[in-house]
Amino acid sequence: MNKEDSPVLVYTTFARLDDAKRVGDALVAAKLAACVNISPGMIAIYEWKGAREVADEVAMIIKTRRSLADAVLAETKRLHPYELPALLVLPTEGGSDEYCGWIVGQTGSRS
């Protein structure tokens, strides 16, 4: 597998489960992601515009390939309701050849 096809994970969070589902569905439908994992029930503690915040959030992990990471970031940001969404590309080390191949196949030709 070439480097551009190697899997990466894109991490983001949402305030609402419905928003995470909407964005995740759009990414899979556009063949930008092979799969998204959505995990509700997370608590975030952070400072925003000078105020300490504690909020319920929904975490999402987007499974894609390195060559699509920039497009995934752009589309997720476009669809995201946050003013400044958390968007981090996490490289992976290894993985099963079959699963990595599946990610490539699912993100192959965009519709």
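Two residues are in contact when heavy atoms of theirs lie within 4.5 Å. The structure is a predicted model, in which local features need pLDDT of at least 70 and side-chain atom pairs count only at pLDDT 80 or more, while totals for chains, interfaces and linings use all residues. Residues are numbered from 1 along each chain as its sequence is written, and side-chain values use heavy atoms, with hydrogens and water left out. Helices (H or I, at least four residues) and strands (E, at least two) are DSSP runs numbered from the N terminus.

**The sheet**

- Four strands form an open sheet in the order β2-β3-β1-β4, and the pairing is antiparallel, where two strands count as paired if DSSP finds at least two bridges between them.
- The edge strands of this sheet are β2 and β4 (88–91), each of which pairs on one side only.
- From one strand to the next, the twist averages 30 degrees, with axes taken as lines fitted to C-alpha atoms (for helices over the stretch in contact) and angles running from 0 to 180 degrees between N-to-C directions.
- β2 and β3 are joined by twelve bridges in the antiparallel sense, and I43 stands opposite D56 in β3.
- These two strands, β2 and β3, form a hairpin with two residues between them, and K49 in the turn has a positive phi of about 55 degrees.
- β1 and β3 pair in the antiparallel sense over eight bridges, and the bridge partner of V10 in β3 is I62.

**Helix α1**

- Helix α1 (residues 17–29) has 13 residues and reaches 18 Å from its first C-alpha to its last, close to the 18 Å expected at 1.5 Å a residue; the expected span is 1.5 Å times one less than the number of residues.
- The residues D19, A20, V23, G24 and L27 of α1 are buried, a word that stands for under 20% relative accessible area, whereas exposed stands for over 50% and partly exposed for values in between (1.4 Å probe, protein chains only).
- Seen down the axis of α1, these buried residues fall within an arc of 125 degrees, so they line one face of the helix; the arc is that of the directions from the helix axis to the C-beta atoms.
- The face of α1 turned away from the buried side carries the exposed residues D25 and A29.
- The buried residues of α1 pack against β1 (7–14), β2 (35–48), β3 (51–65) and α2 (69–79).
- After α1 comes K31, whose phi is positive, near 65 degrees.

**Helix α2**

- In α2, the buried residues are A69, V72, T76 and L79, and they cover an arc of only 100 degrees around the axis, which puts them on the same side of α2.
- On the other side of α2, D70, A74, K77 and R78 are exposed.
- The elements covering the buried residues of α2 include β1, α1, β3 and β4.

**Two residues of strand β3**

- T64 lies in strand β3 and is buried, with a relative accessible area of 0%.
- A polar atom of the T64 side chain lies 2.6 Å from the backbone oxygen of L32.
- Not counting residues up to four places away in sequence, T64 touches S6, P7, V8, V10, L32, A33, V72, I103 and T107.
- R65, also found in strand β3, is buried with a relative accessible area of 12%.
- Leaving aside neighbours within four places in sequence, R65 is in contact with residues including E4, D5, V104 and G108.

Methods: A polar contact is a pair of N or O atoms within 3.5 Å; within protein, one must be able to donate a hydrogen and the other to accept it, and residues adjacent in sequence count only if both atoms are side-chain atoms.
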